[in-house]
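I opened this notebook to record what I looked up in one structure. The entries follow the order in which I consulted it.

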Amino acid sequence: MLEALVLAVVVVGCCALAYATAAARVVKQYERGVVFRLGRLHGGVRGPGFTMILPVVDRLRKVNMQIVTMPVPAQEGITRDNVTVRVDAVVYFRVVEAADAIIEVEDYRFAVSQMAQTSLRSIIGKSDLDDLLSNREKLNQGLELMIDSPAIGWGVQIDRVEIKDVSLPEAMKRSMARQAEADRERRARVINADAELQASKKLAQAAGVMSQEPAALQLRLLQTVVAVAAEKNSTLVLPFPVELLRFLERAQQPHQPQQTQQPQRPQSEPSAPEVPGAAEQPGLDASAPEPPPALDAAGQEAPERSLDPPATEDPGRLLGTSDVPDVPDVPDAVRADRPDGSAAPARGLDPAPGGRPARPRRQPPATPPLPPAA
């Protein structure tokens, strides 16, 4: 009988050990347990640690309460300014209500993933390309609100949503690169022009100071020489200003008292000898000098040749005809009338035969005869 009692105790102990093994559960610190008894939620959420359930009647489901990092697949869409882009993001969320995450949604991870993709496509269509590239903080906040609104009913809290990368077409990348290059070149030109303006003002001030102190120009020249010599070049270019040469020339000249100079009268040109009979002959300039008379081989004055034909010769014979009418002498005061009735200006010389004006004879000045040559 004692043996039967010991056997019964051993059997009961084994059954209790098997029951305890089947009913014992351990919930980790980052997990929460939800117990379903006969298909219905039983009690509250089991906390971390050791817990017991009925092995056949109860079922325990553990829910991870850690923050989950879920990458959102890249979504391709068209922005509001008609640019095709490809955007991918990442979502950070965690479960705050373990029972709702099990009861309200079949798979809360899949549900959050699909909601993130849909919200990302929607935010791409509502935004411009510049906002996607430079104003991502605002887009991240809007995307977080769009995903968090339905996830609250699932017992899931969205901590953060980040747009990870924005892929652009190659043509758009080249256009943006040219735009950025042009903008940088414009800013560089503005900065260079501003620098030139400031430098010109400073150079004008420096030139004013150097003009007051001539020695400052020489000091500046020496500084330039030192700067050029520091480069250790084989050729030294030394600029030498002309103002310095003038300054040294003035310094070397001795100081002489200034003498008053009498203004000199301009020497009058020697008057030409008066030609007798020049005043009576029209068309001759009395001030013009008379050429010296021609001399013959014996040193005597040679007679002047006359351009008029001799009086003994017949004018008609010289002209080739003998029927030449005699031209009466017309006085100087007589003026010829024009066909329109106006008076023509008087001519100083009488017309000669043949229509040419007579050339006046030049009277030689009265000079004493030269002595005969020895």
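The entries below go from the whole chain to its sheets, helices, salt bridges and surface.

**Entry 1. Ground rules.** I worked from a predicted model, in which local features need pLDDT of at least 70 and side-chain atom pairs count only at pLDDT 80 or more, while totals for chains, interfaces and linings use all residues. Residues are numbered from 1 along each chain as its sequence is written, and side-chain values use heavy atoms, with hydrogens and water left out.

**Entry 2. The whole chain.** I noted 9 helices and 8 strands in the chain. These elements are DSSP runs numbered from the N terminus, helices being H or I of at least four residues and strands E of at least two. I then looked up burial, where buried means under 20% relative accessible area, exposed over 50%, and partly exposed in between (1.4 Å probe, protein chains only). Of the 374 residues, 18% are buried. The accessible surface of the chain is about 29100 Å², and carbon and sulfur atoms hold 56% of that surface. Such areas come from the Shrake-Rupley method with a 1.4 Å probe, and for residues only the protein chains shown count as cover. For contacts (heavy atoms within 4.5 Å), I took pairs at least 6 apart in sequence and found that 59% of them join residues at least 24 apart.

Entry 3. I found an open sheet of 3 strands in the order 3-2-5, with antiparallel pairing. Strand 3 (40–46) and strand 5 (58–64) are at the edges with a single partner strand each, so one side of each has no neighbour in the sheet. Neighbouring strands here are turned by 25° against each other on average, direction ignored. Angles run from 0 to 180 degrees between N-to-C directions, and the axes are lines fitted to C-alpha atoms, for helices over the stretch in contact. Strand 2 (residues 31–37) pairs with strand 5 over 7 bridges in the antiparallel sense; two strands count as paired if DSSP finds at least two bridges between them. I noted L60 in strand 5 as the bridge partner of V35.

Entry 4. Strand 7 (residues 84–95) is joined to the antiparallel strand 8 by 10 bridges, and V95 has V156 of strand 8 as its bridge partner.

**Entry 5. Helix 5 and N140.** I looked up N140, which is found in helix 5. Is N140 buried or exposed? At 4% relative accessibility, N140 counts as buried. Leaving aside neighbours within four places in sequence, N140 is in contact with V161, E162 and I163.

**Entry 6. Salt bridges.** I took a salt bridge as a side-chain nitrogen of Lys or Arg within 4 Å of a carboxyl oxygen of Asp or Glu, which gives 9 salt bridges. R80 forms one with D128, the closest N and O atoms lying 3.1 Å apart. This pair links distant parts of the chain, 48 residues apart: R80 is in the loop between strand 6 and strand 7, and D128 in the loop between helix 3 and helix 4 (129–134). R80 is exposed at 53%, whereas D128 is partly exposed at 23%.

E162 forms a salt bridge with R160, with 2.4 Å between the closest N and O atoms; R160 is partly exposed at 43%.

R189 and E185 form a further salt bridge, at 2.9 Å between the closest N and O atoms. The two are separated by about one helical turn because they are 4 residues apart in helix 6 (residues 170–212). R189 is exposed at 58%, and E185 is partly exposed at 41%. I also noted that D183, R186 and R187 are linked in a network of salt bridges.

**Entry 7. A nonpolar patch.** L2, L5, V6, V9 and V10 make a nonpolar surface patch of about 480 Å². Patches are made of residues with over 30% relative accessible area and no salt bridge, like charges being joined within 9 Å and nonpolar side chains (Val, Leu, Ile, Met, Phe, Trp, Tyr) within 5 Å. L2 lies in helix 1 (residues 2–23) and is exposed, with a relative accessible area of 63%.
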